[in-house]
Amino acid sequence: MATSPHFAFGTHPDHGFVATFSSSMPAHLAHWFLDREQFVPVPDQPGLFRLTEPERDGPRRTRQAAHDLRRHGYAVQTDVALDPAASAGPPRPTQSNGLSEQRSRIAQAAAGQSPQYGMTPTASLPPARSALPEPGYAPTAQSPAYAPSRSR
């Protein structure tokens, strides 16, 4: 059984990228979410919101809004062109063969034993020193602590 969508995103000939919400969604909560996604209410059309500055990468911002609301657990209906699940992700950089060969050499070197660990040291280490320096004087004995006499 399909759930009815909480939000719907699409395009409008006069308002550009628009969003609306269903009656199952509290109006103040829907308004709060859409406002955070940069959608503002359309005057004289209650429940209809338009994307601010649609010329500034409107399709991507609308897809992102749908994605964000879905991530929060809301059912979202979109036009096919605005569906974030149907759109291709960002292009992935391709590795050149030189980079993969270099990584292969590094991996092989990391897997082998280092020549430094198989060698014995040729020079001896200096003798260990005490962490505390020896005092240049002899400590004196402490006198017992002064205890005042009690007088009555």
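Q: Which elements are included in what covers the buried residues of helix 1?
A: This is a predicted model, in which local features need pLDDT of at least 70 and side-chain atom pairs count only at pLDDT 80 or more, while totals for chains, interfaces and linings use all residues. Residues are numbered from 1 along each chain as its sequence is written, and side-chain values use heavy atoms, with hydrogens and water left out. Buried means under 20% relative accessible area, exposed over 50%, and partly exposed in between (1.4 Å probe, protein chains only). With contact taken as heavy atoms within 4.5 Å, the cover of the buried residues of helix 1 includes strand 1, strand 2, strand 3, strand 4 and helix 2.

Q: Within what arc do the buried residues of helix 1 fall?
A: In helix 1, the buried residues are Ala 30, Phe 33 and Leu 34. Because the arc is taken over the directions from the helix axis to the C-beta atoms, it shows how the buried residues are placed around helix 1. They line one face of the helix, since their arc is 95 degrees.

Q: In what order do the elements of the chain run from the N terminus on?
A: Helices (H or I, at least four residues) and strands (E, at least two) are DSSP runs, numbered from the N terminus. The chain has three helices and five strands. From the N terminus on, they run β-β-α-β-β-α-β-α.

Q: What is the bridge partner of Phe 9 in strand 5?
A: Strand 1 and strand 5 run parallel and are joined by three bridges. In strand 5, Phe 9 has as its bridge partner Thr 78.

Q: How far apart are the end C-alpha atoms of helix 2?
A: Helix 2 covers residues 58-71, which is 14 residues. The expected span is 1.5 Å times one less than the number of residues, so helix 2 should span 20 Å. The model agrees, with its end C-alpha atoms apart by 20 Å.

Q: Within what arc do the buried residues of helix 2 fall?
A: The buried residues of helix 2 are Gly 58, Arg 61, Thr 62, Ala 65, Ala 66, Asp 68 and Leu 69. Seen down the helix axis, these residues line one face, because they fall within an arc of 160 degrees.

Q: What is the relative accessible area of Gln 38?
A: Gln 38 is found in the loop between helix 1 and strand 3. Its phi is near 70 degrees, a positive value in a residue other than glycine. Gln 38 is partly exposed, with a relative accessible area of 36%.

Q: Is Asp 44 buried or exposed?
A: The place of Asp 44 is in the loop between strand 3 and strand 4, and its phi is near 65 degrees, a positive value in a residue other than glycine. With a relative accessible area of 81%, Asp 44 is exposed.

Q: Which residue just after helix 2 takes a positive phi?
A: Helix 2 covers residues 58-71. Just after helix 2, a positive phi of about 95 degrees is taken by Gly 73.

Terms used: Two strands pair if DSSP finds at least two bridges between them.
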